[in-house]
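I opened this entry to go through the chains one pair at a time. I start with one chain on its own and then turn to the interfaces.

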Amino acid sequence: MTAYIVRRLIQAIPLLLGIVTLVFVIVHAAPGDPTAMYVHPSVSPEVIEQMRENWGLDRPIHIQYLRWLRSFLTGDLGVSLTQNRPIVSILAERIPNTLILSGTSLVLIFAIGIAIGIVQAVRQHSTLDHTLTLSALFIYSMPSFWLGLMLILVFAHKAHLLDWWPAALTFPASGMTSVDYDLMSGWGKLGDRLHHLVLPSIALGVASAASVARYMRSSMLEVIRQDYIRTARAKGLPERTVILKHALKNALLPIITLLGLYLPFLFSGAVLVEYVFAWPGMGRTIVDAISQRDYPLVMATSFIFAVMVVIANLIADILYAVVDPRIRYE
Amino acid sequence: MNEASGRAEDRADGGRALTAAAFIPGLAHLRRGRRRAGLSLLGLALAMLAVLAFSFDRVASTFTAGRVDYWVAMLTLAGTLAAAWGVSLRAEWGRPRQRAEGTSQWAIAWREFNRNRVAVLGLFLMCGLYLATLLAPYLTSYEPNAIGDIAATRHLPPSLDHLMGTDKFGRDVFTRVLYGARISLSIGFVAVSISVTLGTVVGAVSGYFGGAVDTVLMRFVDMLISFPRLVLLITVIALFEPSIFTVIVVLGLTLWPATARIVRGEVLSLREREFVEAARALGLASPRIIFRHIVPNVLGPVIVAATLGLGNIILIEAGLSFLGLSVQPPTPSWGNIIDGGREYLVQAWWVSTFPGLAIVVTVVAFNLIGDGLRDALDPRLRI
Amino acid sequence: MSAPLLRVENLRTYFHTAEGVVRAVDGVSFTLGPGETLGIVGESGCGKTVACLSILRLIDPPGRIEPDSRISLRDRDLTAASEGEMRSVRGNEISMIFQEPMTSLNPVWTIGDQIAEALRTHRSARPAEARRRAAEMLRLVGIPNPEQRLDEYPHQFSGGMRQRAMIAMALACDPSVLIADEPTTALDVTIQAEILDLLARLQEQLGMGLIFVSHDLGIIAQIADRVIVMYAGQVVESGTADELFGRPRHPYSEGLLRATPRVGRRMRRLSVIPGSVASPKRWPPGCRFHPRCPYAWSRCREDVPPLPGEARASRCWLEEEPARRTGGWDELALAEDH
Ligand SMILES: Nc1ncnc2c1ncn2[C@@H]1O[C@H](COP(=O)(O)OP(=O)(O)O)[C@@H](O)[C@H]1O
Ligand SMILES: [Mg+2]
């Protein structure tokens, strides 16, 4: 097991190097001199000249590349042009917020998707199955940002106009906390945060949940046909044990690989959803940075996004090995 | 009734039916019991005639307005009517089409696809959408970008005059959604063509040659796939000026890895098959083997990926427009109409709502077709 | 003879598919006494597996056990039992082992867990106790180091070992009937013999009734006391093993036996009888075997031969017109040679 993890870790290294290189190439493929991207109203020409020298932009390209590599590997992501502080410290604030949002969505996606997939497989061809399949089709064809806007429209602005609408089901339209957050008690703070998480995490996760449900259904149907399920039934186990113990664990195997596939998708969605909900995460950061032409920040953020995907894939692989004994002992 | 007399009656009837069928598209098919083909031809012709009748003044103004839009619409209208007529007449006079014919892979797939009712529904939806975008100038009396008396027309709720209301500049949202469809659909179409072509070539080369070529290409694919799509896209687009052209090129150049992986997998299994071995033994050049023998065989999965990819790309493009990184206002695209309505979401909910619904319907249509194609072309992938 | 342990009467299991009704098992009757071994033999596709699964009521829709079928365990009518009652029968009173040891064990749970599970379900055994018993079972079926192998996964076992584990699992709750559906078909010849010996030994030791299914007459001859021969969803001949192998009466059994070079040796494929089983959606009229039968005459094509209710019986018109048994398989074989 340990050997397996170490092997996967080692395999990830060239990938990370490649990602750094790709970002470098993108920067240099931009039209004009690479320094052109640092031309910014708030940056004086002298500073740019200074940068040129510091970063060795007048050196040959391979030297520049090595410097670039060194600075990324040492965790020096440069300085934001608009905020005048190290990008590392900006992202250190933002990454946790993105992780909170994506993490919540991820839990939602897999919990709901798997549960619905099981129900659909067990009741294959029932009206319930058909209804859920149809709804899923519509749900995963929805743009997340539009769904976010619709949720805001209904649950933040319109629903509470109805007399009977419970106040607890009116959700804030933006931000991570209320204005009076600092005055709240410990539990109050947690409640406030959760309250703010509801709409964005639904907007972000519901499409993927529909697609997980779809995969889970087919995976479950595949597993239910297997010989070992018949063996389990022949043992006299109750149907619930057959499904939740014998079928579920096997059906989950292909779903775990989806975890790694969904994360990039989820982060893409996070860019839009954070923008819609004014959620101070990395997605919001990169969108703002683009509109303010803060290119070093854009590059660094997209690099960190890619690194997070690589890490997530690693975790998915390891999780797979934990669940599937056949890999563990290879 | 006995069969012989029935047929005789049929023949006697033939003369009258022939004249009727010549005037009413679809009748010939209906008479032959091909209900779906008949009804869709009939519906199509009726729809075109309805457009002609209800917006006659706009059709007439084609000749005075002098805009390409109007001419495109005119051609579409006339072309569709003529096509419906032609197909109908061919069914009546042409040589009787053989029904059970076609055992080629594609004929079988087409029959399989036709049996899938929701997939056919998706196909109809898609054709309807394309027709609607082409006929846009005839379907609405407003101009997409014309700003009139803002005070009087601003934020009007949906009504018969403005099916989807008006936006903050008093522009008709229905018109903008209709014209926006053109942008979204064509960007999707071109970008998918680029990325699928690129993906097929890279996948085929990688799978066919294997070894170092394969390793390098696939590591590159791994790298591209590590970036969340939208992040990669906005990062690259941010370095250029956002425009339709940039968006199409960047979408086309960044979305191919998925296709490449599929094609590579197919090629790896094909490579070992007899006909490829035979071609190699004959000493055929590699490019020839790849394009003549391998690519045609992976076309099925590629078409499926392309159709499902179209839905996906429309969603991505909408996201880019929403962030202001694609088509720039005032040119409408679904994403930027939604973005435009965001500011006044509460006062004028319709501005952001309807374009979103248009996206959902379009993407559903492509997904239905894609699923249907997958079941028809590649039963192994059925889920 | 003692009272039967298991009695199957007129069992009919049909699959109501979109393409038509598949009459996979069509009126099968037999009995099984305590300590007895009943062999069921027939070409693949003749309905052996479906019949066995029907006894445990493990047929999934669109399959259905048709009304009027009766399966009784001692005096209990299993066709009328509730699903809950059936669960307490499965793995407890009647156990079953399957043809494919490679796929019949759940790959993601340990062997020990899968054996102990039956005990926990039926005996409400506590984990430690169930584990001890599971180890005991593994030792019983001849797996060395049972304590250690309990914690291993199926992929760490060889095919023969897995089948032993399956047997251990099936016998954990001391069932009175064990149904073995081609338990050796997927195994190497040497392993086959080992498993066969093991089953015979365990049956003697534990005194259960054993239904042993195979398409291999050689194996059936080794292990069975009584034999029924199935063809096209029906029983065509029944009798003791000696009777059947000594003097087969049904042309099909005759053909099967001819195809077996020598009793006790692994044989070539059964399809050496010319032709193949018809589709269960449309069985031939009259005697279902007549299209392949060397003796068939007009009556066989029109009238359905009955199967007398005796212990030694054959579903064939030759029983009434023995004089027509001339030529037969040898002539057919000669014709084929030329
Ligand atoms: N789920 C099912 N649906 C339709 N037909 C089935 C099904 N299961 C089995 N059958 C049919 O029942 C017949 C008997 O099968 P089986 O009992 O497995 O034969 P065998 O004697 O080889 O064990 C076969 O012809 C098979 O086609
Ligand atoms: Mg069988």
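Entry 1: I looked up burial first: chain B has 383 residues, and 48% of them count as buried. I keep in mind that this is a predicted model. For secondary structure I find 18 helices and zero strands in chain B. I then took the contacts in chain B with a separation of 6 or more, and 72% of them join residues 24 or more positions apart.

**Entry 2: helix α11 of chain B.** I checked the length of this helix, which runs over residues 211-226. With 16 residues at 1.5 Å a residue, α11(B) should span 22 Å, and I find its end C-alpha atoms 22 Å apart, so the two agree. I listed its buried residues next: B:Asp214, B:Met218, B:Val221, B:Asp222, B:Met223, B:Leu224 and B:Ser226. What do the buried residues of α11(B) pack against? Within chain B I find α10 (173-209), α12 (229-239) and α14 (257-271). From chain A, α1 (2-29) and α11 (295-323) also pack against them.

**Entry 3: which chains touch.** Two pairs of chains touch, and the pair with the most contacts is A and B. I found no contact that joins chain B and chain C; their closest C-alpha atoms lie 16 Å apart.

**Entry 4: chain B against chain A.** I count 45 residues of chain B in contact with 47 residues of chain A. The area buried between these two chains is about 4000 Å², and carbon and sulfur atoms give 80% of it. How many salt bridges are there between chain B and chain A? I get one. A:Arg214 forms a salt bridge with B:Asp371, with the closest N and O atoms 3.2 Å apart. I then asked which helices of chain B supply at least two residues each to the side that touches chain A: they are α11, α12, α16 (286-322), α17 (334-342) and α18 (349-377). Of these, α18(B) gives the most, with 13 residues. By class, I note 30 nonpolar, seven polar and eight charged residues on the side of chain B that touches chain A.

**Entry 5: chain C against chain A.** Here 28 residues of chain C are in contact with 22 residues of chain A. Chain C and chain A bury about 2300 Å² between them, and 58% of that is on carbon and sulfur atoms. Which residues of chain C lose the most area to chain A? I find C:Val108, C:Trp109 and C:Glu117, together 23% of what that side buries. I count four salt bridges between chain C and chain A. A:Arg233 forms a salt bridge with C:Asp60, and the closest N and O atoms are 3.9 Å apart. In polar contact between chain C and chain A I count 14 residue pairs, again with both residues at pLDDT 80 or more. On the side of chain C that touches chain A, α3 (101-104), α4 (111-122) and α7 (159-171) each supply at least two residues. I note that α4(C) gives the most to that side, with seven residues. The residues of that side of chain C divide into twelve nonpolar, nine polar and seven charged.

Notes. Residues numbered from 1 in each chain as written. Chains lettered and ligands numbered in written order. Predicted model: local features only at pLDDT ≥ 70, side-chain atom pairs only at ≥ 80, totals over all residues. Heavy atoms only, no water. Helix = DSSP H or I, 4+ residues; strand = E, 2+ residues; numbered from the N terminus. Expected span 1.5 Å × (residues − 1). Buried < 20%, exposed > 50% of the residue type's maximum accessible area, 1.4 Å probe, protein only. Contact = heavy atoms within 4.5 Å. Buried area = accessible area lost by both parts, 1.4 Å probe. Salt bridge = Lys/Arg side-chain N within 4 Å of Asp/Glu carboxyl O. Polar contact = N/O pair within 3.5 Å; in protein donor to acceptor, adjacent residues only side chain to side chain. Nonpolar A, V, L, I, M, F, W, Y, C, P; charged D, E, K, R; others polar.
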